[in-house]
Amino acid sequence: MFKKKSNDIGIDLGTANVLIYRRGEGIILNQPSVVAINKVTGKVEAVGEEAYSMIGRNSRQIELVRPLKDGVIADFEITAEMLKIFLNKLQYGSLLNFSSRRILICCPTNITTVEQDAIKNVAYKCGATHVFVEEEPKIAAVGSGLSIFEPLGNMVVDIGGGTTDIAILSMGDIVNSSSLKIAGDVFTTDIANYIKDKYKLLIGLRMSEDIKFKLANAFEPDAKNEFEIKGRNLITGLPEKIIINELDVNEALEHSITEIVKETKAVLEKSEPELTSDIINQGIVITGGGALIKNIDTLMSQTLHVPVYIAEDPLNSVVRGTGILLELDVDSTSSINL
C-alpha cells in the first residue's frame, strides 16, 4: 500500500510517449519516447520533444532511437538514461537520496517476467526504492473511471502506440485479456505504405502521423474531408504535393482496425455469460491514442452489438490511473497490492 509520500510517482512508459504523475501534483511530464544519440561519442544529445523534432532532419552523426518497442523495453540502457534525463529536467534529481521513493509503472498484458524485471531494473537505476509493475488495461480502466474492484464486468480496449491491450476486468483483476502488436505505430506505417503504393509518393513519419490525426475515420469516411500532403515522387525523384481524403486513410487502416475489432470479439467470446451481460449494460471503453480515430467507437459498436464509449481524456487514461492509485489508499485486499 502506498503511504502519503510526495516522492511517489506513476509512469506510463509508452512506446510513443512517456508520461509521469507525481503524487500531490498530477501529470508533470508528457514527452515523446525518442532519444537522439551522437554516433561518434555515444552520448545522448537530446530526449523527448527536442529529439522528436529531429526526425527526418537529423544529421548523419545523430541517430534517433525509440528505446521502447511494442510496449516493452527494447534498449535497457537508453531507456534508463531517458528516464534519468526526464527526472533531472523536472529537478527531481535530489529525490535519489530519499529513503522511500516508490514508482508504479504500467506495462502491456503479454509482458514476460524477464521484460518485467527489465522495467523494474530501469526504475531502480533511476533511484527507486520500491517498484510496482501493473498491466496497462487495468490501470487504464481505473483512469477511465471504471469500478473494477466490484463484482461487475468491465471491458477496456487500450489502443496505444505499440500495442492494443484488450481486457475484461472484475473484482480488481483481469479475467480475460489479449494484446496485439497493432496500434498507433502500425497505423502510421500503414498510411505511409498506402501512399507509397497508390500514389508513388514517399512521405516521412511526421507527415504520416499528421495524416492519421487529420483524416483517420473508421466508419463512413467523408471524401470531402481532404488534406494536402507533401513528399518525394518515387518515379521522378522530385518533390510533389497531392490531395488525399478520408476514404484513402480508411482504406489504409482497414486491415489493422479490423484485426483489433476481431480480437476484441474473441476476448468477449471467452467470457462467462454473467460478465457478458454486465458488458452489454456497461459498454466497452476505448482508451489510448487510437481512441481519437474518428468513429472507431461507432464501428466497434455496430460490429460487436455492444455499447462502446470513448474514455474522457483517453491519451492520459493510463497515467491518470496511476495517479488515482497513488492518491488513494488502496485496500490491502485488492489484487493491486501496493
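In this predicted model, strands β5, β4 and β6 form an open sheet of three strands, in the order β5-β4-β6 and with antiparallel pairing. Strands β5 (44-47) and β6 (62-65) stand at the edges with a single partner strand each, so one side of each has no neighbour in the sheet. From one strand to the next, the twist averages 20°.

- Strand β4 (residues 35-38) runs antiparallel to β6, and four bridges join the two.
- Within this pairing, Asn38 has Ile62 of β6 as its bridge partner.
- Helix α2 (residues 76-89) lies across β4, β5 and β6, and runs at about 65° to β5.

- Strands β15 (residues 226-233) and β16 (residues 239-245) pair in the antiparallel sense, with seven bridges between them.
- Ile229 has its bridge partner in β16, namely Ile242.
- Five residues separate the two strands of the hairpin, and Gly237 in the turn has a positive phi of about 80°.

- Side chains of opposite charge can pair when their charged atoms come close.
- Asp8 and Arg23 meet through their side chains in a salt bridge, at 3.5 Å from N to O. This pair links distant parts of the chain, 15 residues apart: Asp8 belongs to the segment before β1 (9-13), whereas Arg23 belongs to the loop between β2 (17-22) and β3 (26-32). Asp8 and Arg23 are both buried.
- A salt bridge also brings together the side chains of Glu134 and Lys138, with an N to O distance of 3.4 Å. Glu134 counts as buried because its relative accessibility is 11%, under the 20% limit. Lys138 is likewise buried, its relative accessible area being 3%.
- Asp313 and Arg320 form a salt bridge in which the closest N and O atoms are 2.8 Å apart. Asp313 is partly exposed at a relative accessible area of 30%, and Arg320 also counts as partly exposed, at 38% relative accessibility.

- Ser170 is found in strand β12 (residues 164-170).
- With a relative accessibility of 12%, Ser170 counts as buried.
- The side chain of Ser170 reaches the backbone nitrogen of Leu152 at a distance of 3.4 Å.
- Apart from its neighbours within four places in sequence, Ser170 is in contact with Ile148, Glu150, Pro151, Leu152, Gly153, Val175 and Leu275. Leu152 is therefore one of the residues in contact with Ser170, within the 4.5 Å cut-off for heavy atoms.

**Asn281**

- Asn281 is found in helix α8 (residues 273-282).
- Asn281 is exposed because its relative accessible area is 59%, over the 50% limit for that class.
- Between the C-alpha atoms of Asn281 and Ser208, which are 73 residues apart along the chain, the separation is 37 Å.

Note on methods
Residues are numbered from 1 along each chain as its sequence is written. This is a predicted model: local features need pLDDT of at least 70, side-chain atom pairs count only at pLDDT 80 or more; totals for chains, interfaces and linings use all residues. Side-chain values use heavy atoms; hydrogens and water are left out. Two strands pair if DSSP finds at least two bridges between them. Buried means under 20% relative accessible area, exposed over 50%, partly exposed in between (1.4 Å probe, protein chains only). Axes are lines fitted to C-alpha atoms, for helices over the stretch in contact, and angles run from 0 to 180 degrees between N-to-C directions. A salt bridge is a side-chain nitrogen of Lys or Arg within 4 Å of a carboxyl oxygen of Asp or Glu. A polar contact is a pair of N or O atoms within 3.5 Å; within protein, one must be able to donate a hydrogen and the other to accept it, and residues adjacent in sequence count only if both atoms are side-chain atoms.
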